[in-house]
Amino acid sequence: MPASSPGAYARRATGLVREVSPFSTFVFNMAAQPTAILIATAAFILPLAYFPGGSIWVGFAMAFALAIVLCLCYGLFTSAIPRSGGDYVLVSRVTHPVLGVISSFFWVAGVILVLAFVAQSFVTIALAPSLTAVGLIGGHESLITAGEDLATGKWWQFGIGTGVILFSAALLAGGWRWTTRIMNGLWGVMILGLGTIFVFLLFKSHHGFVNSFNQFAGSITGEPDSYNGIISAAQKEGIDPSPAFSLDQTWPAMAAIAGLSIYGWLSIYISGEVRRAKDVTQVKIMSLATLVHIAIAVILGVVFFWKFGHDFFVAVNGLSATEAYPFAGAPPYYTFLTSIAGGSTLFAWWILITFAVAYPLLVIPNITIAVRSFFAWALDGLLPARFAQVSPRTHAPNYAIALVVVLSVPVLYWATSNTEGFNKFLYEAVLLQLVTMVLLSLAAVLLPYRKPDVWRASATTQRVLGVPVVSLAGGLSVILMAALFFVYMHYPALGIEDKGHFFRDCAVVLVAALVTFFVARAARRRQGVDVDKLAAEIPPE
Amino acid sequence: MFKRRQKQPITRLFYAGDVHGSRVCWKKFVNAAAHYPADALVMGGDLTGKALVPIVREGDGSYAARVIGEQRVARTAEELDEMQRSISTNGMYPLIVDPDEARALAEDSSRREKAFEEALLEELRLWIGFADERLGATDTRAYVIPGNDDPWSIDEVLASGRSVVPCDERVERLGPHELVSFGYSNRTPWATPRELDEEEIYVRLKRLVDQLEAPERAIFNIHVPPYESSLDTAYEVDEELRYVMKGGRPHEIPTGSRAVRQIIEETEPLLSLHGHIHESKGVTKIGRTVAINPGSDYGSGHLDGCLVHLEPDRVVNHYLVSG
């Protein structure tokens, strides 16, 4: 092996700079899957309540492996084509614009559903249970009532949810400087909250928690030993607090965790604005974001089982899905249990606020993704040119931002006015996005063969057994996505109860994508412009 | 009132700039004429690359180089060719050297500058040859100016092309339009070869626009964007070329030319095309003038450009493309 060669010698020339720093890119990727939401709503309560015997720890390991493969695949892919616009740009450049549009429609359809859900969840999962929990802990009846009002008040949900969407849209309209500041700040508050919980529980003994719990719950359940009462009540409901390991139940547990853990690569949507997008820095940032996300969840998970007690933690989560759960309106999220352990209203407020911020945090990358997708479509002539215009002052694509708001607010109205009907579609959002991820992975496989010059000039040209690493990672991603797809379809408790409904929706999205593409193409052709060529690479030879 | 607009002849123009030594971007620029298609190609300056990458010929017959942070080794002629192509795609000049020469380059800056100059001129000759080969049999011409980063020695090479029209500080006829071209920039912290004070920029541009027969139909091809136009936003750097931080973040400032803005406001041409600030991609209007900076991401091998369809008196449409 030769000695290390010198790097490049640069001459004096004006420099190219990009706006989003590596740290903000890291936060963007973590914001796309807020750790607090994973811990509260997906990692423990779902597996423990619905998939008894499924190993959360194996689930974490499998989800992590899955996520790392995606980071490697999409990170290397975007380093070869470091443009904003994500899957649309990558798929259309490597295959054909129509496939890029199809891919993007599936992704954006999922994003719009998720945006509405997250905006509603800010009220129904963060604010309402938080107020109820603080009310129960501090004995404030008015807060309990307020929590109930929010949980059932459709207009409250629509109004506050719209506020969250408008707040995030306004942030983006203000440009990256403010967006990254607020995003990094919200993320910092969330992490500080999780850190507080870790430190607090580390110094709280198991017996201390049992005493705190009994003291709190006694007035509600009327039992002096409510702690063991919860375990007994769970057993009466047929919940086994120490179920034997079941691989069959571990798959859906993994899927529940993966649903909020395999998105550490979403900075591909802002690659054109990220510093050091051309080298492997983004792969490292994506992988680090995934590692930190999973590591925090695992460490806190260990602490929860240790301090709350294994059987109790399984029982209380299992019981929460039944009528026998004694704390209506306050699910056994980590926030509730830790606040009980703290025994202080002020402490409870801090924990609940640091959890609630995760929702607006999650809205920021989702709006950004939709905006960047519309922006990229407009640049390629698929939308009117105004959607590619940026503000002279902030460089923000205001028309594209407005379009996202116009699309997501009515969906939020639908979500709040017909939650049950909306949820049928919402659960499909993950699967719709899996379709995009499969297309993106297939495009990654093809990159070295369809665009050899671009691949040769990318961050790594390494091969394993003669196959380029990006193609290998792409192939592996396709297999893993197909497996995840199968798991989602196989376990109705994950939300897909009507498979036919899902495939009908896929057909609708596909037709919408094709109509959009071919109508736009025909309109541009009348103007003397070939849309295929606008989106295609100019032949280099 | 409802009279249908009479069909006017359309001039299709493709503009790009700041390819900075990327061979693949230059080839795409030339090929854009047939791809989109376009009647004329306009290159807005900064043709030459910013970095030289030594490829060290090792004792065992292999070649080693560090390419975008990755140590690469070529053991066969094909692999060496691949390595050179990936370096030039990134806008850098590959230079094969022995270990002794590599050491000499590292230690001697004048030797390095000479090697740089030779490499960039040799590369540019290849580019001009490629343009002549592709455009020679067509009516399409590539109107090319140097930018502030380009050394003076490239002018002679540009002038040697048959299909390339070197047009810096000149007015060229382009169908019903006149093309005014200007490659200098205002002062930069990098002290690059072609910089002028604002007053001098204004005087030289004024001299050019005074030659126009129909300023309202003119197209400006001016490397530096107009001041405070949103096409000129960049991070501020200090004398040591470090970012100026304010509030914990790099501080953004307008870096365009006040003289260019003044001349656009006074002349009100149909279209004004700019480059120079790669990250300030966009389209804006200054008075009636449509001003465009398509940006540059030459290092990715993608050519950022702009396809503009013009009637004699209006811009019909424009598309920022990344081909």
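**View 1. Buried residues of helix α18 of chain A in the predicted model.** The buried residues of α18(A) comprise Tyr399(A), Ala400(A), Ile401(A), Val404(A), Val405(A), Ser408(A), Val411(A), Leu412(A), Ala415(A) and Thr416(A). The elements of chain A that cover these buried residues include α6 (97-138), α8 (154-173), α17 (358-379) and α19 (419-450). In general, residues three or four places apart on an α-helix point the same way, because such a helix has 3.6 residues a turn.

**View 2. Span of helix α18 (residues 398-417) of chain A.** The end C-alpha atoms of this helix are 29 Å apart. That separation agrees with expectation, because 20 residues at 1.5 Å a residue should span 28 Å.

**View 3. Contact between chain B and chain A.** Chain B contributes 62 residues to the contact, and chain A contributes 44 residues. On the side of chain B that touches chain A, helix α1 (residues 23-35) of chain B supplies the largest share, six residues. Classified by residue type, this side of chain B holds 26 nonpolar, 24 polar and 12 charged residues.

**View 4. Domain 1 and domain 2 of chain B.** The domain assignment divides chain B into domain 1, formed by 11-48 + 122-322, and domain 2, formed by 52-113. Taken over C-alpha atoms, the centres of the two domains of chain B are separated by 31 Å. Nine residues from domain 1 of chain B and six residues from domain 2 of chain B make up the contact. The side of domain 1 that touches domain 2 in chain B consists of two nonpolar, five polar and two charged residues.

Technical notes:
Residues numbered from 1 in each chain as written. Chains lettered and ligands numbered in written order. Predicted model: local features only at pLDDT ≥ 70, side-chain atom pairs only at ≥ 80, totals over all residues. Domains from an automatic or database assignment. Contact = placed C-beta atoms within 7 Å. Nonpolar A, V, L, I, M, F, W, Y, C, P; charged D, E, K, R; others polar. Helix = DSSP H or I, 4+ residues; strand = E, 2+ residues; numbered from the N terminus. Expected span 1.5 Å × (residues − 1). Buried ≥ 20, exposed ≤ 12 C-beta atoms within 10 Å, placed from the backbone.
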